[in-house]
Amino acid sequence: MADCILKYHKEGNVISITFPSEPIGKELFETVHFEFSDLGEMILAEKDIRVCVLSGIGTQTFKWVTESRHGLMCWAECVGNAPSLSNTAMAMDVPLIVGMDGEIEGPGLELALFCDVRIATSTSRFRFPHAKMGWAPFDGATQMLPRVIGKSRSLELLLTGSSIDAETAYRIGLTHYIVNPGELTATLFEMSSKMAANSPTSLRYVKEAVVKGLDMTVEQGLRLEADLYFLSHSTEDRIEGISAFKEKRKPLFTGK
């Protein structure tokens, strides 16, 4: 994918996907959606990938979208013609970690809501500009934001279109960590490496139980959790985990 807009790099069991730092013209916006969808399918197919890291989702990528009502209209048409970024992220069964630096709003911020861990820099700001332009969000913000920060805070941000800083975002639960801009890459590497050292089967089962369980009753969620727990008993990773514990060594998980 050397000539593609999205760049990806695979190191060990971690894949990193980087959105461009330069604004994308509207003629290439659908291409970004299709490329991200293709990468999502690759991640689902290649079981050695255990964690996905996203970066570069600030407004420079989607600048023309967030600056005008016309931009939002073009983006809405794109979502209607191509796989949405949010749907692609939602379909990924591996942990998603996103690094956020700069102005995060519009498509980038909605995509971030579908990630499992959100790490921001101290200079980042966040905004849902739709209402100020006479629109409503259409790529998941009204559904995911309340699940992340609660109903009242979500309505405030969505209805006012106000921008918040990194400290506020951290306080209300929109981000998990705040780091200095120069520390973001190292923090993403540390977090992804920590997750990737675990059993890929366990990572997928845990994510499935949590994500699907939110849309179930507690009783249904407990049954799902039990089913996945018993499925894990038939894996080689479980045997390796027990052996490593007994032998006081680090486990070497294979995902089998």
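Two strands pair if DSSP finds at least two bridges between them. Strands β2 and β3 (residues 51-55) pass that test: five bridges join them, and they run parallel. The model is predicted.

Thr18 stands opposite Ser55 in β3. From β2 the chain crosses through helix α1 (residues 26-45) to β3. This β-α-β crossover is right-handed.

β2 also pairs with β1. Five bridges join strand β1 (residues 7-11) to strand β2 (residues 14-18), and these two run antiparallel. Here Thr18 in β2 is the bridge partner of Lys7.

**Helix α1**

Buried residues of α1 include Phe29, Val32, Phe36, Leu39 and Ile43. His33 and Glu35 are also among the buried residues of α1.

**A second sheet**

An open sheet of three strands has the order β5-β7-β8, with mixed pairing. β5 (103-105) and β8 (164-165) stand at the edges. Each has a single partner strand, so one side of each is left without a neighbour in the sheet. Two bridges join strand β7 (residues 125-127) to β8, and the two run antiparallel. In this pair, Phe126 stands opposite Ile164 in β8.

**Salt bridges**

Side chains of opposite charge can pair when their charged atoms come close. The cut-off is a side-chain nitrogen of Lys or Arg within 4 Å of a carboxyl oxygen of Asp or Glu. By this rule the count comes to 10 salt bridges. The table lists some of them.

| Pair | Closest N to O |
|---|---|
| Lys10 and Asp48 | 2.5 Å |
| Asp93 and Arg204 | 3.0 Å |

Take Lys10 and Asp48, joined by a salt bridge. The pair links distant parts of the chain, 38 residues apart: Lys10 is in strand β1, Asp48 in the loop between α1 and β3. Lys10 counts as partly exposed, at 31% relative accessibility. Asp48 is partly exposed too, with a relative accessible area of 35%.

Asp93 forms a salt bridge with Arg204. This pair also links distant parts of the chain, 111 residues apart. Asp93 lies in the loop between α4 (85-91) and β4 (96-100), and Arg204 in helix α10. Is Arg204 buried or exposed? At 13% relative accessibility, Arg204 counts as buried, because the cut-off for buried is under 20%. Asp93 has a relative accessible area of 22% and is partly exposed.

Arg223 and Glu219 both lie in helix α11 (residues 218-232). They are four residues apart, about one turn of the helix. An α-helix has 3.6 residues a turn, so residues three or four places apart point the same way. Arg223 counts as partly exposed, at 47% relative accessibility. Glu219 is exposed, with a relative accessible area of 55%. Elsewhere, salt bridges that share partners join Lys10, Glu46 and Asp48 into one network.

**Nonpolar patch**

Which residues make the nonpolar surface patch of about 370 Å²? They are Val206, Val210, Val211 and Leu214. Val211 has its place in helix α10 (residues 200-213). Val211 is partly exposed, with a relative accessible area of 41%.

Technical notes. Residues numbered from 1 in each chain as written. Predicted model: local features only at pLDDT ≥ 70, side-chain atom pairs only at ≥ 80, totals over all residues. Heavy atoms only, no water. Patch = residues over 30% accessible without salt bridge, like charges linked within 9 Å, V, L, I, M, F, W, Y side chains within 5 Å. Areas by Shrake-Rupley, 256 points an atom, 1.4 Å probe, with all protein chains shown as cover. Buried < 20%, exposed > 50% of the residue type's maximum accessible area, 1.4 Å probe, protein only. Right-handed = clockwise from strand over helix to strand, strands pointing away.
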